[in-house]
Amino acid sequence: MRIFPSRRIVGTDVHKPDKPEIPEMGGVGLLAGTCVYVAVAALTGVVSGEMLSIFLTIVVAGAIGIIDDIFKLNKRVKPALCMLAGLPILLIRSYPIELAVPFSVSFHIPILYVLLVPIAIAVTTNAINMFDVMNGVASGSSLIVLSSLVVAWLVKCSFVGGDFTTMMGGALMVLPLMAVLFWYNRYPSKIFLGDTGTLSLGAAIGAFSIVYGLEFPAIIAMMVPITNAFFSLFSHGGLFERSELKERPILIAADGRLSSNPSPNAPLTLTKIMLLLGYDREKDVSAGFMYLTLAMALAGVLSAILIWGARF
Amino acid sequence: MGEFRAKSVLLLLIANVLFLTLAPRLWFEVLVVMHRVLVPIVGRDITSYAQALSTLVGGVMWLYVWREGFRRLHDGLSKRQTRGPGASGSSR
């Protein structure tokens, strides 16, 4: 955290009246932590194919994030590059060929699944990237979503069997690091995730859900970030970078109170809706997003029970 | 954190989740009926195309309804804010 400001790797906290500069690229810590974890696991001989897939996906996405943080990638190049992060999963062949949905329906799609893996990684990485709207929102929601996927895997294991210890190896690689990152990124942020962090977190969720066959619970648990990305893209008419917005969706008063920008040029985002609902402090908006994500994470776990627990 | 104000957003999200949970099963039943009815009339290939096309149309319609739900919520809340907290009744 001391190195980044000295090298001018800082971001402006735009939702504070005094616009403080905060160290950026906190995601580097997540990448370094996962590298150390996998190195230790490799030395003790407990690296599984699943763990390696998740690790490499995070590393590739994190590398794309580092490039984006330093050189600012083109708005179309970044999502395309994020698809590359799905390649380790395909190369190691650690993906299922069936997509299970609730009420005993599953789709046997071996060829289509190969195409869906890079798309799924691009969706999760960019959804978390676009959900980095306020202090702690992206890191907190990622932590909640991944924790719910661990519970969903427990549900799956208890009904259809599976190696829980293998999954815990993958989960322990990122969950504690996510918790630490959230601790420093929560309101008021001491460090920003940067694209390095948001892309790595999104990749971790995407890879985890694919490798352990938890796609449907992941879609449900990720509903809030996905909805936010969906509306931002629709209202802006396509992909965009925050820097090219003519008008920001949020206005900040001198006392730090936030309000929705009524201009038709401001994109429609979930944050704007939250402000229209009466939230006017960054801390409260962040907490509101956490509650919404928590509710969707719970729905994701319930969907896991409907997929593997209930027989129809 | 005070009162949880995002109940309307939560309701829209729950509606979307319910749709995603129920729709695949219901749509599967519709595809089975389509298969049973159409195969003797138009053959297996055209039935498959019809099933794929109707699934695609259904997906696009779902995206439209999803977007409209949130857009209307946003527009309604914007109008309420423009009128002010004390205003009530018709603006005409």
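Chain A has 13 helices and six strands, where helices (H or I, at least four residues) and strands (E, at least two) are DSSP runs numbered from the N terminus. This is a predicted model, in which local features need pLDDT of at least 70, side-chain atom pairs count only at pLDDT 80 or more, and totals for chains, interfaces and linings use all residues. Residues are numbered from 1 along each chain as its sequence is written, while chains are lettered from A and ligands numbered from 1 in the order in which they are written.

Colleague: Is L193(A) buried or exposed?

Modeller: L193(A) lies in the loop between α8 (164-185) and α9 (194-211) of chain A. A residue is buried if 20 or more other C-beta atoms, placed from the backbone, lie within 10 Å of its own, exposed if 12 or fewer, and partly exposed in between. Because L193(A) has 33 C-beta neighbours inside 10 Å, it counts as buried.

Colleague: What distance separates the C-alpha atoms of L193(A) and G26(A)?

Modeller: Leaving aside neighbours within four places in sequence, L193(A) is in contact (C-beta atoms, placed from the backbone, within 7 Å) with several residues, including G26(A) and G27(A). Although L193(A) and G26(A) are 167 residues apart along the chain, their C-alpha atoms are separated by 4.4 Å.

Colleague: Which element gives the largest share of the side of chain A that touches chain B?

Modeller: On this side, 29 residues of chain A are in contact with 24 residues of chain B. The elements giving two or more residues are α11 (223-236), α12 (270-276) and α13 (282-309) of chain A. The largest share, 10 residues, comes from α13(A).

Key. Contact = placed C-beta atoms within 7 Å.
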